[in-house]
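Colleague: Before we go through this model together, could you show it and settle the terms we shall be using?

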Amino acid sequence: MATVRAIATDALIEIGVLEPGDAMDAQQGALALTRFQKQIDAWAANKLALSLQARNSFTLTSGTSTVTIGASGATWTMARPDSLNTVTYIIPSTTPTTEVLIGQMDEDTYASLSIKGLSSSLPTLCFYQINLSNANGSLFFWPQVTQNVDIVLYSPQGIGVPTSLNTDVIGPSGYQEAFLYQLALRLCRPFGVAVSQDLVQLAANAWTTMTRPNTKPGLLGTDPALTAWSSTSTYNVLSDTGG
């Protein structure tokens, strides 16, 4: 863990603007903070930079089909996600609690719904998009529920955009070097420093190290038509036989 001030100071030392032991002046600090804020905001648009998955639960009120999500004036208060990994509903009155997957629609599927106001006791589909007029997102559920239903949102979560030079910036292993070298790269031009190939390589290596644990390979599946229709059947890839 380090403050933005410490990271920015190290970045300016890295590109030769400061000497070890020097402190940033107010102008240097203001510029470094702005560039670091933009850096973290840009990372939020890249899923490889999002190291965690947040789980948040809310109640979808009977008669409601659309809710807003965000930190300011939203129906459901949380940090607005740019996307949702998974959305589920909890079957009412189940013990133990049972979650059921809600399918996510894309823009075309949502647009093709001819009766968007259809009602049912439980939702089966949803459509999420961020708003351009404010800092919230809108989440549409279909059909519109006729009872209160608990909804669970699983969303990618990254480093929050810092508000000051004294903000602590926390990330998993490998993030500190990425903070440093990526910021140093962004500070070269405004401080009139030529970008060295060494710095480019350090920044690239740090980015790779940071994002490697966030890379999730797809699961290898097998078409059911190629295997016997039995939960106890097996397939031998060496002999091309099933059992």
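Modeller: Buried means under 20% relative accessible area, exposed over 50%, and partly exposed in between, with a 1.4 Å probe and protein chains only. Helices (H or I, at least four residues) and strands (E, at least two) are DSSP runs numbered from the N terminus. This is a predicted model, in which local features need pLDDT of at least 70 and side-chain atom pairs count only at pLDDT 80 or more, while totals for chains, interfaces and linings use all residues. Residues are numbered from 1 along each chain as its sequence is written, and side-chain values use heavy atoms, with hydrogens and water left out.

Colleague: How many of the nine residues of β11 are buried?

Modeller: β11 spans residues 149–157, and this strand is described as mostly covered. Of its nine residues, the number that count as buried is seven.

Colleague: In what order do the strands of the open sheet lie?

Modeller: The open sheet has eight strands, and its pairing is mixed, where two strands pair if DSSP finds at least two bridges between them. Read across the sheet, the order is β2-β11-β5-β6-β8-β9-β3-β4.

Colleague: Which strands stand at the edges, each with a single partner strand?

Modeller: An edge strand here has a single partner, so one side of it is left without a neighbour in the sheet. The two strands in that position are β2 and β4 (76–77).

Colleague: How many bridges join β2 to β11, and which residue of β11 is the bridge partner of R55?

Modeller: β2 covers residues 52–60, and this strand runs antiparallel to β11, with nine bridges joining the two. In β11, the residue that partners R55 is Y154.

Colleague: Which residue stands opposite L153 of β11?

Modeller: β11 also pairs with β5 in the antiparallel sense, over five bridges, and β5 itself spans residues 86–90. Opposite L153 in β11 stands V87.

Colleague: Which residue of β9 is the bridge partner of T68?

Modeller: β3 (residues 66–70) and β9 run antiparallel and are joined by four bridges, with β9 covering residues 137–142. The bridge partner of T68 in β9 is S138.

Colleague: Is S155 buried or exposed, and at what relative accessible area?

Modeller: S155 is placed in strand β11. Leaving out residues up to four places away in sequence, S155 touches L52, Q53, A54, M78, P81, S83, L84 and N85, a contact being heavy atoms within 4.5 Å. S155 counts as buried because its relative accessible area is 2%.

Colleague: Which residues does F36 touch, not counting residues up to four places away in sequence?

Modeller: F36 is among the residues with the most contacts inside the largest nonpolar core. With residues up to four places away in sequence left out, F36 touches V4, I7, P162, V169, F179 and L183.

Colleague: How many residues does the second, separate core have?

Modeller: Among the members of this second core are V67, W76, C126 and V145. The number of residues in this separate core is 18.

Colleague: Where is the cis peptide bond with P96, and in which loop is P96 found?

Modeller: The cis bond runs from T95 to P96, with omega near -5°. P96 is found in the loop between β5 and β6 (99–104).

Colleague: What is omega for the cis peptide bond that joins W142 and P143?

Modeller: P143 has its place in the loop between β9 and β10 (144–145). For the cis bond joining W142 to P143, omega is about -5°.

Colleague: What is the relative accessibility of S93?

Modeller: S93 lies in the loop between β5 and β6, and has a positive phi of about 65° although it is not a glycine. S93 counts as exposed because its relative accessibility is 81%.

Definitions and conventions. Core = buried A, V, L, I, M, F, W, Y, C linked by side-chain atoms within 4.5 Å.
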